[in-house]
Amino acid sequence: MKTMKNKKDVKVLFMGTPEIAKGCLEQLVKDGWNVIGAFTREDKPVGRKQIMTPPPVKVYAAEQNIPVYQPKTLRGEATELIKELAPDLIVVVAYGRILPKEVIDTPQFGCLNLHVSLLPKYRGAAPIQWALINGDKQTGVTVMHIDEGLDTGDIVDVLPIEIGEDETQEELFSDVEEKGKVFLSKVCEDVVNGVATRTPQDHAKATLAP
């Protein structure tokens, strides 16, 4: 029988930027994962007064005393830093940057990404918006291994989520975030404990959500 790994012994590096990413990071912390750092995008000017505002992931990570990194690119110095941090697992949620192969190859358990569609449908930045525009009855979340493409990696697991008849974008986002963050943490457990599967995507069925 396989021994289950203690989450505290697994060094997790988190990469994400907006509110949904913050929710996923919160869940990982709540579930006892050893989060050793958070990579997020740079602060940016927001609103009419263009006030420099930190991303939600940065705000939460700082509150939890998790080291925050905001490199402009993941190449060069940032790649070396990631190697020094030596994570066992990298978890990515709406980070907004493509990971170079050197980074993808660093953690022993790989780089997992939460994508808010049932891949290979709706690869890209706006899957929920396109599901609503197209009148879909169902969306969901996919946890996949990251490769060098855009949302093209092997699928670990999917969680289908029904779309209500009059559901707004805000309501659907909230539903997907609540269910997705719990699902992501569970899939991370399966991966580090060696009980997860990997299924290559059918690229012929891929659609884009720019």
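In which loop is Pro120 found? Pro120 lies in the loop between strand 7 (111-115) and helix 5 (127-133); helices (H or I, at least four residues) and strands (E, at least two) are DSSP runs, numbered from the N terminus. The peptide bond from Leu119 to Pro120 is cis, with omega near 10°.

This is a predicted model, in which local features need pLDDT of at least 70, side-chain atom pairs count only at pLDDT 80 or more, and totals for chains, interfaces and linings use all residues. Residues are numbered from 1 along each chain as its sequence is written, and side-chain values use heavy atoms, with hydrogens and water left out.

Most residues other than glycine have a negative phi, and most peptide bonds are trans.

Strand 1 (residues 11-16) and strand 2 run parallel and are joined by 5 bridges; two strands pair if DSSP finds at least two bridges between them. Within this pairing, Val12 stands opposite Val35 in strand 2. Of the 6 residues in strand 2 (residues 34-39), 5 are buried.

Asp166 is located in the loop between strand 9 (155-162) and helix 6 (169-192). Asp166 counts as exposed because its relative accessibility is 72%.

Methods
Buried < 20%, exposed > 50% of the residue type's maximum accessible area, 1.4 Å probe, protein only.
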